[in-house]
Amino acid sequence: SILCIEQGVLSLLSGLLYCQCEAPMRPKNYPETRLHTDGSRSFAYLCSCKEKSHSKLCNVANVHGNTLDELVVNEILKYLEPDSEINDLLDDEDDI
């Protein structure tokens, strides 16, 4: 499954996101004190190499997971709009 629920946080890109050092990035929860107003828990995507090496082999910044997931979902939802490019392509396929 492309959806990963780790410790109560849904992370859409788990298993798909890689660091610039080519190591997989995994979701890491922030403390419960950093809940969003809707009650969802904040998390970040963290480079597994950075974590294992304590930032010695990779020092890339963590990616704010909630924000990144929301951006990706919003981009995907654009394809559902009637005037989207993908709908035009599908309409063209129907004409064949």
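Predicted model: local features only at pLDDT ≥ 70, side-chain atom pairs only at ≥ 80, totals over all residues.

Visitor: Okay, so how many salt bridges turn up in the whole structure?

Guide: A search of the whole structure gives two. In one of them, R26 pairs with E51, and their closest N and O atoms are 2.7 Å apart. That pair links distant parts of the chain, as R26 sits in strand 3 (residues 25-29) and E51 in helix 1 (residues 48-52), 25 residues apart.

Visitor: Is R26 buried, exposed or partly exposed?

Guide: R26 is partly exposed, because its relative accessible area is 27%. E51 counts as partly exposed too, at 31% relative accessibility.

Visitor: And which residues make a salt bridge with closest N and O atoms 2.9 Å apart?

Guide: E75 and K78. Both lie in helix 2 (residues 65-78), three residues apart, which is about one turn of the helix. E75 has 44% relative accessibility, so it counts as partly exposed. K78 is partly exposed as well, with 42%.

Visitor: Why do side chains like that pair up at all?

Guide: Side chains of opposite charge can pair when their charged atoms come close.

Visitor: Let's zoom out. How many helices and strands are there in the protein?

Guide: Three helices and five strands. Going along the sequence, the pattern reads β-β-β-β-α-β-α-α.

Visitor: What share of the 96 residues is buried?

Guide: Buried residues make up 28% of them. S11, in strand 2, is one you can look up: it counts as buried because its relative accessibility is 0%, and the cut-off for buried is under 20%.

Visitor: How far is S11 from R26, C-alpha to C-alpha?

Guide: Those C-alpha atoms are separated by 8.8 Å, while the two residues are 15 apart along the chain.

Visitor: Where is R41?

Guide: R41 is in the loop between strand 3 and strand 4 (43-47). With a relative accessible area of 24%, R41 is partly exposed.

Visitor: New topic: aromatic rings. How many aromatic pairs does a search of the whole structure find?

Guide: One. It's F43 with Y45: their ring centres are 5.2 Å apart and the planes meet at 80 degrees, so the pair is edge-to-face.

Visitor: Why do you give both a distance and an angle?

Guide: A pair of aromatic rings is described by the distance of the centres and the angle of the planes.

Visitor: Are F43 and Y45 buried or exposed?

Guide: F43 is buried, with a relative accessible area of 2%. Y45 is buried too, and its value is 0%.

Visitor: Now the surface. Which residues gather in a patch of negative charge?

Guide: E81, D83, E85, D88, D91 and D92. D91 is in helix 3 (residues 85-95). It's partly exposed, with a relative accessible area of 45%.

Visitor: And which residues form a nonpolar patch on the surface?

Guide: Y79, I86, L89 and L90, with about 390 Å² of accessible area together. Take L89: it lies in helix 3, and it's partly exposed, at a relative accessible area of 48%.

Visitor: One last thing, the backbone. What is phi of E22?

Guide: Phi of E22 is near 80 degrees, a positive value in a residue other than glycine.

Visitor: Why point that out?

Guide: Most residues other than glycine have a negative phi.

Visitor: What about phi of H54?

Guide: H54 has a positive phi of about 55 degrees although it's not a glycine. You'll find H54 in the loop between helix 1 and strand 5 (63-64). H54 is exposed, with a relative accessible area of 65%.

Conventions:
Residues numbered from 1 in each chain as written. Heavy atoms only, no water. Patch = residues over 30% accessible without salt bridge, like charges linked within 9 Å, V, L, I, M, F, W, Y side chains within 5 Å. Areas by Shrake-Rupley, 256 points an atom, 1.4 Å probe, with all protein chains shown as cover. Salt bridge = Lys/Arg side-chain N within 4 Å of Asp/Glu carboxyl O. Lys, Arg positive; Asp, Glu negative; His and termini not counted. Charge placed at Lys NZ, Arg CZ, Asp CG, Glu CD. Helix = DSSP H or I, 4+ residues; strand = E, 2+ residues; numbered from the N terminus. Buried < 20%, exposed > 50% of the residue type's maximum accessible area, 1.4 Å probe, protein only. Phe/Tyr/Trp six-rings, centres within 6.5 Å; stacked < 30°, edge-to-face > 60°.
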